[in-house]
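Dear colleague,

I am passing on a structure that you have not worked with before. Please look through it first, and then read the notes below it.

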Amino acid sequence: GGHAGNLIGFVVGKSLISKNPVLRSDLYRVHSCCCSARFERLLGFACGSRTKTAVGRSLFRVERRQMAAAGAGSSGGGSDDRMVKTVLIDMDNTLVDFDSEFTKRWLKERPGDNAEMISKRLHFELEQNFTEDLRPLAEKIMGTPGFYIEFAPQPGALDAVKEMTAVGLNVMFCTAPHPLQYESCVQEKFAWVRQHLGEQYLDRIIITRDKTLVKGAVLIDDKPKVTGACATPDWTHIVFDQP
């Protein structure tokens with residue numbers, strides 16, 4: 001229980017659970033194959049009982065249905081099989097702790113401020129929460145070279161990635177470069193993955209400003225609504241609720 005479990009706490013609401021008997025049936029079959037503790041540990045259900053195993057229900061529902069469709073359409077598997085096992089994971093404030101590094105730098109500039117102005121902000125995009133006189137400082141912090149390489153991993157995130165990869169899921173990091181600093185931001189995202197996960201994970205990075213164009217079974221992202229050119233993306237959006 002709690003947010004400090006072994007893996008990422010991928011959090012979704014109850015709507016995915018209550019309205020679909022097929023989804024509940026899938027979960028029963030999954031639990032019949034492995035104990036609940038192992039199931040929760042593998043896919044990161046480190047949150048409380050309110051949302052426990054909800055991501056697994058969504059992931060396995062999508063995977064079973066899409067794999068069945070791929071099997072009916074061809075006998076070879078190949079790229080279709082790889083796509084339906086693809087888990088897309090956002091980086092900023094999902095895989096990595098963006099807010100803590102920003103807060104540390106903000107309080108260094110303005111030590112009298114309350115950190116809750118960041119942690120309990122009203123708007124998702126950080127810079128939108130500041131008045132006109134303070135916004136330049138926020139943009140300066142996010143645009144400073146060296147900012148993106150300093151992020152700490154979210155609790156359990158690295159273990160989650162490694163274990164999902166080990167059980168055969170195609171884990172990809174689907175992340176957007178910050179418009180204030182494309183050059184160093186992109187470089188530092190690659191450097192972060194190399195530093196924390198190793199060279200072998202570099203080819204799992206997808207840099208894009210439009211995640212709706214990327215194929216996958218699920219997208220785990222802290223952004224409440226991910227939009228873009230494609231109105232109906234292939235993936236199911238799992239909203240990551242930060243610890």
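This is a predicted model: local features need pLDDT of at least 70, side-chain atom pairs count only at pLDDT 80 or more; totals for chains, interfaces and linings use all residues.

Residues are numbered from 1 along each chain as its sequence is written, and side-chain values use heavy atoms, with hydrogens and water left out.

The chain has 243 residues, of which 46% are buried (under 20% relative accessible area, with exposed being over 50% and partly exposed in between, for a 1.4 Å probe and protein chains only). Its secondary structure comes to 10 helices and seven strands, which are DSSP runs of H or I with at least four residues and of E with at least two, respectively. Among contacts (heavy atoms within 4.5 Å) with a separation of 6 or more, 69% join residues 24 or more positions apart.

The lining of the largest pocket comprises 24 residues, with Phe124, Glu125, Ala176, Arg209 and Lys223 nearest the centre. A pocket here is an open set of points on a 1 Å grid over the protein atoms alone, where a 1.4 Å probe fits and protein lies on both sides within 12 Å along at least five of seven lines; lining residues have an atom within 4 Å of a point.

Finally, Thr131 sits in the loop between α7 (116–119) and α8 (135–142), and it is called partly exposed because its relative accessible area is 46%.

Best regards
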